[in-house]
Amino acid sequence: MDIQKWIEKIVYQLPEGVSARVFDAIKDIPIVRKAIEKEMDAMMAGIRDSIRPYAGKMPEFEKLPENGMSREAVVDMMAEIQEKESGKWEQGFVSGAVYHGDKDHIDFLNRVYALHSQSNPLHADIWPSASKYEAEVVAMTAHMLGAERTEDAICGVVSSGGTESILLAMKTYRDRAHQQKKIRRPEIVVPVTVHAAFDKAAQYFGIKIVHVPVRRDFTADPAAMKKAVNRNTIAMVGSAPCFPHGVVDPIGELSEIARQKGIGFHTDACLGGFVLPWAEKLGYAVPAFDFRLPGVTSISADTHKYGYAAKGTSVILYRGSKLRRYQYFTVTDWPGGLYFSPTFAGSRPGALSAQCWAAMAAMGEKGYLDATKRILQTADEIKKGIEKIPDVYILGDPLWVIAFGSDALNIYQVMEQMGEKGWSLNGLHKPACVHICVTLRHTRPGVAMRFLNDLNQDRVLLLADTRQALFQPVVDSVTVEILNKAFKEAWSPDHRLVLVTGNADLKTSEKSPEKRILSVYEKSSAQAVEAPAEIEAVPFPYLEKPDEPGTIKSKEQIEDLGITRVLFENGVTLFVKKTDFRSNEVLAALRFGNGRQSEPRHNEGLAEISQRVVNLSGLGAMEIDQLRVALAGTNARVSFSVEENAFSFSGHAVSNETALLLDLLYAHIKDPAYRKSAYSMAVRQYERQHESLSHAIEGGLQLKGLRFLAGGDTRFGLPDFETLAGNELSDIETWIEREKKTSGMELAVVGDIDPDSVITLAAELFGTLSPGSASTLDQKDDRKPVFPEKGRLKHEVPTRMDRALLVVTYPTTDIYDIENSRRLSILSDIFSDRMRIRIRDELGATYSQGSHNLPSRAYRGYGLFITHAGIDQHIADKIEGEIKKIAKDLKENGVSEDELERAVKPMLAGITDQLRTNNYWLNTVLRGAARHPAQIDWSRTIFMDYASMKVEDINETAAKYLDNEIAATMIFYPAKRKETDATGNVKEQETK
């Protein structure tokens, strides 16, 4: 802890008046003063750099240039500066500061300013329009803040900003008290959370300011403030809301105290004056704070904040002109003539008042209502997100100015790390916290989710070391004996649960189902268990490394994504990406061949049986159990899959096992195994799976549906058991080994790794493999999946379940038109939501429904937009009609802005999470990128593609693909049950 923080920690525990004096005294101690000066010098150096970023980079003038710059050069330089400074607030990274920011709105205000650039309200005879604009700004603001709900005349003036409005009000109360009550030592009573402008006013006008502590919810304490009032008090103050925590003080109670005491009460609504009235109309719980309360005698409200005027205007309102007159300054005996000024400034830019009037007139009530609704909805989203982040909490009960702190984290370090991500937040203290003031810039799609994602990531990074330190003593104390004891206790007989599920009828016996199950369990428990046979330990890795590493043909750094792409002379491609998303995690994928796409015509089901056999076979020199023993105590694991367009070995490990993981992948390529025992086990596994699927409604889609949607192509869905079992072990080996020889093998490694070490290891192993030949896809095999336009499939499932599955499908296209694919993804979310509203909520016809888009990676032009609903079989036609009505309406009338926003927001949240996972970079970006380099670009565009989607984009996509004339329909329904009546006759009963 640095010395100033140490001092603050001690001093801030003292009463406020005492703490200030003690702090000053401590700072005068030479050693303390020297330490503080050193820290201040370092801090000021940083501040100078941040506020003078153009020093030495652009022309600087310490005196007038001898020859002025051309106007074009001046404008060009200023435009360059403006471009550098606008990016952060335009993208919603800034708390408060810019409250509207829409380009059209800014252009509109700039045009208004240009029309009135010479106007000066001081000369009302020349520019009477300035008086019109200011009078109407005051009137509109007063009406908004309760003028129509009081019999008193509400009046006011336009000032240059909230600080001037506050200063004017405090001067007014001072002068009135001096004239009416002869008060020479005026005081104002304020909560400690009130804006610092009141301290400025107190200093400027010789007023004593009495700060009163707030309650636990950070609102002003009426009882404490009442106690602080004395005969010298000229006014009390409350905030609506306060700047630090965004909470509204109890203005009703406070203003009534002031009314009873016969003193003024000022509501500081600089921040909330143009939000709270509309929030109240929208149904939010907003306490009364304006002129409807008889004790409120003045209000400040900033038009240049949520009034959406340009910077430089505010309104100060008073209850009655008699009070307002104490604000004015008048000189009658000046040789220059009568001088009158309603505010502190003499000459003022009338163009700002004109802009203010224009903004309010253009917004109107509807505009302010809509803007407030969007802001409060976004603030609700942010609050809910913060509440889900452990160790971070919200202070008070704010509406849209959200302060958050932490007892477990250094909240200022969190703010600093958020700053590194581009966020400009407000740091607060007493207590230590940070706040974000939500504006219209934050309501843009994706901004709120980006904020929450960045905040949550910083929380995780900050807590990693703390949590490790917390658990490390426990980890260090664990022994094998302790673990064995814990395991035995967890499995002790006195708290075991025996759970049996299935569709067998257990009621046919004299024993109850429970007793039958228990007897089987007890019989099994009574049998002695023999220890498994010892497995011969075989060391791994056992393959000798090649004498010389493979030659690197090319090496490319993709700097912005942190990816290295290496091409070896033998045609193997390596992608490496180092990340810090998750410490000690390494993921890898090795791909080759063409996968299911290359499955021979006469070997239906070969892909399905192949991946099972390889995963159960182990390696050439090691059976699967031996391999498991060899890898015991490590995290390195590899599994095999036959994908749509490639064969793939996928693996994971911890950082210090990266070499072991690559050795394991290499062994599967160089020393594969295809064992008869693995084949037999794979067939038995599939037999059980097929039996289960054939008795499940959803299984019908796997066994029959997917193949039907591909025009009967046997490479889709799952085969019958007998068909799959017809494939021989030699077929599997021949197919996979042939595909290994194709060109284009690629390896991707992602995670907490050393890229150079990975490249070296890959060169030693995979860079030495024999070069592959051209693709082995049979040129005569021109099979392509064909969508069954207008097709219908009805499939009966032998099951006791009483629900059917309805599937309506539309043909789309492959994934490689990525922008189109992303639009289809959003369209499917909107379609799902409409299904939920119509079919589930309104009709109550389903317990499960939805839609999704399945673009192909293997077959150009092939993709499926699938909608599904679990329903009662008897209403299948009706629900099919409802689904097609949704499709028709989307095709013809499109989607709404609200629907698009509701679909995009969670998508953006998911994207920001995905982008910080190794799984995303391995499986979405790098897996297959050697064949399809465009995938790498997808990661660059994913967020903005979704964030910038427009209604027209989705409408165009819906019109193109949601064609009921070609849709295919499938219904999977339960078979009729056979039951025996009292006479022993068998009858069929339809499942309902």
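Here is a walk through one glutamine and some ring contacts. This is a predicted model, where local features need pLDDT of at least 70, side-chain atom pairs count only at pLDDT 80 or more, and totals for chains, interfaces and linings use all residues. Residues are numbered from 1 along each chain as its sequence is written, and side-chain values use heavy atoms, with hydrogens and water left out.

Let's start with glutamine 935, which counts as buried because its relative accessibility is 1% (buried means under 20% relative accessible area, exposed over 50%, partly exposed in between, with a 1.4 Å probe and protein chains only). What does its side chain reach at 3.1 Å? That's the backbone oxygen of valine 925. A polar atom of the glutamine 935 side chain also lies 3.0 Å from the backbone oxygen of arginine 927.

Now for the rings. The structure holds 24 aromatic pairs (rings of Phe, Tyr and Trp, using its six-membered ring, pair if their centres lie within 6.5 Å; planes under 30 degrees apart count as stacked, over 60 as edge-to-face and the rest as tilted). Tyrosine 133 and tryptophan 357 make a tilted pair, 5.1 Å centre to centre with 40° between the planes. At 13% relative accessibility, tyrosine 133 counts as buried, while tryptophan 357, at 24%, counts as partly exposed. Phenylalanine 640 and phenylalanine 647 are stacked instead, 6.2 Å centre to centre and 15° between the planes, and both of these residues are buried.

Ring pairs also build a cluster from Tyr99, Phe274, Trp278, Tyr306, Tyr308, Tyr368 and Trp400.

Definitions and conventions: Polar contact = N/O pair within 3.5 Å; in protein donor to acceptor, adjacent residues only side chain to side chain.
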